[in-house]
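Hi everyone, thanks for making the time.

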Amino acid sequence: MTQAPSRQEQFSGTKDVTERLRFDEKRLETWLTEHVKGFEGPLTVRQFKGGQSNPTYQLVTPKRKYVLRRKPPGTLLPSAHAVDREYRVIAALHKTGYPVPEPVILCTDESVTGTMFYVMSMVEGRVLWEPALPTMDRKERAAIYDAMNETLARLHQIDYEAIGLGDYGKPGNYFSRQISRWGKQYVASETRKIASMDKLLAWLPNNIPPGERNAIVHGDYRLDNMILHPTEARVIAVLDWEISTIGDPLGDFTYHLMQWRMPPGGTGGGTGSLAGLDLPSLGIPTEAEYIAKYCARTGRSGIPSEHMDFYMAYNFFRIAAILQGIAGRVRDGTASNAHAQQMAESVEPLGNLAWSFAVRAGAQP
């Protein structure tokens, strides 16, 4: 029996641009030559294998490599694929020294590639797709997880108003707004009825823990959305800011914690999992150890255990709703990744898992 390729093999590197996501490369080259200082062709365009929501391309020129992110073509959900917001937040963060790619230019003229796009620098380093880091030793695994923890804690400590992001989101009521947003997108993308998701739509808004704070939240912070230094255990670029906003940092952090609880074996939407692994022998921190480090770095005494079940119910609901959006794009023919169908099939298992956390938090079964 042929062994299925690893996530590292499936998603690393680039490929020829798929037919549906092609555009006039000569037109793009002309536009970049006219608008980007120092840009010189000839231009070669490749498509990154990873990435799901916004198609992402490598732009290769004789002197420099760039990365282009664009809205996918076709009918899209309202407020989705906001590459202009993504460009704005990395531009603000780059000025602070936070690890993001250098922003180059935003293009709102849809005649160039067919949809809005932005260009950023190409950061050379490692993108790691396997949370267990199978090719590394215990010391390196521990160092990478510590770097990942520190980088998120640092983001949540940034004064967003001071760097010009005071109006990047609406401070307060973060969970309420997120539940409403993803609930609407879930319903808009619905391909069939899933009982657990319907129950979560009713339960979540009325059970939000008190004490929300405000910070820049990434929205999809995980190992494969960052670039590590080629040889050091150091994050040199955090990627994929599409659903970032101003919100409660615990929503962001507990989403990141799903890596410890995500179902293994392909039912977790293709995100990888640490569940069931002997973490101490691998050198990877347990969930409790990882939480303790984050809380120490952000000045928290801890996360109340009675709130954690809500956060897990919310986050598994949220990722199920995001994947349902992908299912809708599969239906509509606008999904940008060959693995979209597998992700769409994960919606119900994740919704059921979310509801199990809701029941633990006090919901009536």
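One thing before anything else: what you're looking at is a predicted model. The protein has 365 residues, and 53% of them count as buried. It's built from twelve helices and ten strands. The accessible surface comes to about 15700 Å², and carbon and sulfur atoms account for 51% of that. If you take the contacts between residues at least 6 apart in sequence, 74% of them join residues at least 24 apart.

Okay, let's go inside. The largest nonpolar core has 84 residues. Which of its members touch the most others? Those are Leu93, Leu204, Ile216, Trp241 and Phe316. Helix H10, residues 305-332, gives the most to this core, with 13 residues. Apart from that one lies another core, of 19 residues, and among them are Leu59, Ile105, Val112 and Val119.

Let me zoom in on Leu204. Skip its neighbours within four places in sequence, and Leu204 is in contact with Ile179, Phe310, Ala313, Tyr314 and Phe317. Keep Phe310 in mind, please; we'll meet that residue again.

Now the rings. How many aromatic pairs does the count come to? It comes to 18. Take Trp31 and Phe117 as one of those pairs: they sit edge-to-face, 5.6 Å centre to centre, with 75° between the planes. Trp31 is in helix H2, residues 25-35, and Phe117 is in strand E6, residues 117-121, so this pair ties together parts that are 86 residues apart in sequence. Are these two buried or exposed? Buried means under 20% relative accessible area here. Trp31 has 12% relative accessibility, so Trp31 counts as buried. Phe117 is at 0%, so Phe117 counts as buried too.

Then there's Phe175 with Phe310, the residue I asked you to remember. These two also form an edge-to-face pair, at 5.9 Å centre to centre and 85° between the planes. The pair links distant parts of the chain: Phe175 belongs to helix H5, residues 174-189, and Phe310 to helix H10, 135 residues apart. Both Phe175 and Phe310 are buried. They're also members of one aromatic cluster, made up of Tyr174, Phe175, Trp203, Phe310, Tyr311 and Tyr314.

While we're on rings, look at two arginines. Arg85 lies over the face of Tyr168, at 3.9 Å from the ring centre. Arg318 has its charged end over the ring of Tyr255, 5.0 Å from the centre of that ring.

What about cysteines? The structure holds zero disulfides. Cys107 is at 1% relative accessibility, which makes it buried, and Cys295 is buried as well, with a relative accessible area of 4%.

For the first, go to Gly41 and Pro42: a cis peptide bond joins them, with omega at about 5°. Pro42 sits in the loop between H2 and strand E2, which is 44-48.

Next is Leu133. Its phi is near 50°, a positive value in a residue other than glycine. You'll find Leu133 in the loop between E6 and helix H4, residues 138-157. Leu133 is buried, with a relative accessible area of 3%.

Asn173 has a positive phi too, near 55°, and again it's not a glycine. Asn173 lies in the loop between H4 and H5. Is Asn173 buried or exposed? Exposed, with a relative accessible area of 54%.

One last stop: Gln58, in strand E3, residues 56-60. Gln58 is buried, at a relative accessible area of 9%. What does Gln58 touch, not counting residues up to four places away in sequence? The list is Thr14, Thr44, Val45, Arg46, Phe48, Lys65, Tyr66 and Met122.

That's the tour. Happy to take questions.

Note on methods:
Residues numbered from 1 in each chain as written. Predicted model: local features only at pLDDT ≥ 70, side-chain atom pairs only at ≥ 80, totals over all residues. Heavy atoms only, no water. Core = buried A, V, L, I, M, F, W, Y, C linked by side-chain atoms within 4.5 Å. Buried < 20%, exposed > 50% of the residue type's maximum accessible area, 1.4 Å probe, protein only. Helix = DSSP H or I, 4+ residues; strand = E, 2+ residues; numbered from the N terminus. Contact = heavy atoms within 4.5 Å. Phe/Tyr/Trp six-rings, centres within 6.5 Å; stacked < 30°, edge-to-face > 60°. Lys NZ or Arg CZ within 6 Å of the ring centre and 35° of its normal. Areas by Shrake-Rupley, 256 points an atom, 1.4 Å probe, with all protein chains shown as cover. Disulfide = S-S within 2.5 Å.
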